Amino acid sequence: MRRFAKSFCYAFCGVVSCLKTERNMRVHFCAAFYVFMLMPFYGFTAAEKAVILLTIGSVISAEAFNTAAEAAADAVTLEKRPELRLAKDAAAGGVLITAVFAAAVGFVLFWNVSVLKEIAGFYAEHLWAAALLVLSAIVWAVLIALPCGRNYEDKNTDINNKET
């Protein structure tokens with residue numbers, strides 16, 4: 001049972017590591033945050049909520065897989081090799097495809113002018129909520145702008161410590 005619990009700890013550490021080292025992962029989490037903030041304004045069915053959750057999970061998972069592919073390729077060698085470039089580009093392309101379709105899902109489910117007007121009205125009437133919204137945008141902008149860099153435990157594979 002202890003090994004099973006440790007596996008969750010390792011997985012959580014992997015997510016935290018991705019958030020620390022990958023700006024795009026922070027962008028995806030930011031988008032998910034605002035999706036969750038907007039959801040209560042919509043009368044989504046259980047199926048629509050499930051689609052939203054699966055979509056968010058797919059994008060974040062794709063970014064994590066991309067990070068893993070890049071780290072594995074960098075661990076193999078730091079010299080430029082076409083097959084590693086293809087692997088890294090294909091993984092990044094998978095994230096792009098997932099994110100584009102996630103945006104399409106978001107557009108289909110969230111583009112409702114009357115609900116958008118209701119949301120604007122809510123924030124106009126509740127200035128404290130509008131202030132929190134602005135504050136959250138500032139916090140996310142700072143978090144996203146933080147410098148990124150790989151910090152592997154084994155410094156032999158840390159691409160930031162090597163000259164290319």
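How many salt bridges does the structure hold? I looked this up before anything else. The structure holds three salt bridges. I note here that the model is a predicted one.

**Entry: lysine 88 and aspartate 74**

I began with lysine 88. Its salt-bridge partner is aspartate 74, and the closest N and O atoms of the pair are 2.8 Å apart. I then looked up where the two residues sit. Lysine 88 is in helix 4 (residues 82-110) and aspartate 74 is in helix 3 (residues 46-76), so this pair ties together parts that are 14 residues apart in sequence.

Are these two residues buried or exposed? Lysine 88 has a relative accessible area of 17%, so I wrote it down as buried, since the cut-off for buried is under 20%. Aspartate 74 has a relative accessible area of 8% and is buried too.

**Entry: glutamate 83 and arginine 81**

Next I checked glutamate 83. This residue forms a salt bridge with arginine 81, and I read 2.5 Å between the closest N and O atoms. Glutamate 83 is partly exposed, at a relative accessible area of 42%. Arginine 81 is also partly exposed, with 33% relative accessibility.

**Entry: arginine 85 and aspartate 89**

Which residue pairs with arginine 85? I found aspartate 89, with the closest N and O atoms 3.0 Å apart in this salt bridge. Both arginine 85 and aspartate 89 lie in helix 4, where four residues separate them, about one turn of the helix. I recorded 46% relative accessibility for arginine 85, which counts as partly exposed. For aspartate 89 the value is 41%, and this residue counts as partly exposed as well.

A reminder to myself: side chains of opposite charge can pair when their charged atoms come close.

**Entry: helix 2 against helix 3**

I turned from side-chain pairs to helix packing. Two packed helices are described by the angle between their axes and the distance between the axes. At what angle do helix 2 and helix 3 pack? For helix 2 (residues 23-38) and helix 3 the angle is about 170 degrees, and their axes are 9 Å apart. An angle over 145 degrees counts as roughly antiparallel, so I describe helix 2 and helix 3 as roughly antiparallel to each other.

I then listed the residues in the contact. Helix 2 contributes Asn24, Met25, His28, Phe29, Ala32, Val35 and Phe36. From helix 3 come Ile52, Leu53, Ile56, Val59, Ile60, Glu63 and Ala64. Sorted by class, the contact of helix 2 with helix 3 has 11 nonpolar residues, two polar and one charged.

Definitions and conventions:
Residues numbered from 1 in each chain as written. Predicted model: local features only at pLDDT ≥ 70, side-chain atom pairs only at ≥ 80, totals over all residues. Heavy atoms only, no water. Salt bridge = Lys/Arg side-chain N within 4 Å of Asp/Glu carboxyl O. Helix = DSSP H or I, 4+ residues; strand = E, 2+ residues; numbered from the N terminus. Buried < 20%, exposed > 50% of the residue type's maximum accessible area, 1.4 Å probe, protein only. Axes fitted to C-alpha atoms, helices over the stretch in contact; angles between N-to-C directions. Parallel < 35°, antiparallel > 145°, perpendicular 65-115°, else oblique. Contact = heavy atoms within 4.5 Å. Nonpolar A, V, L, I, M, F, W, Y, C, P; charged D, E, K, R; others polar.
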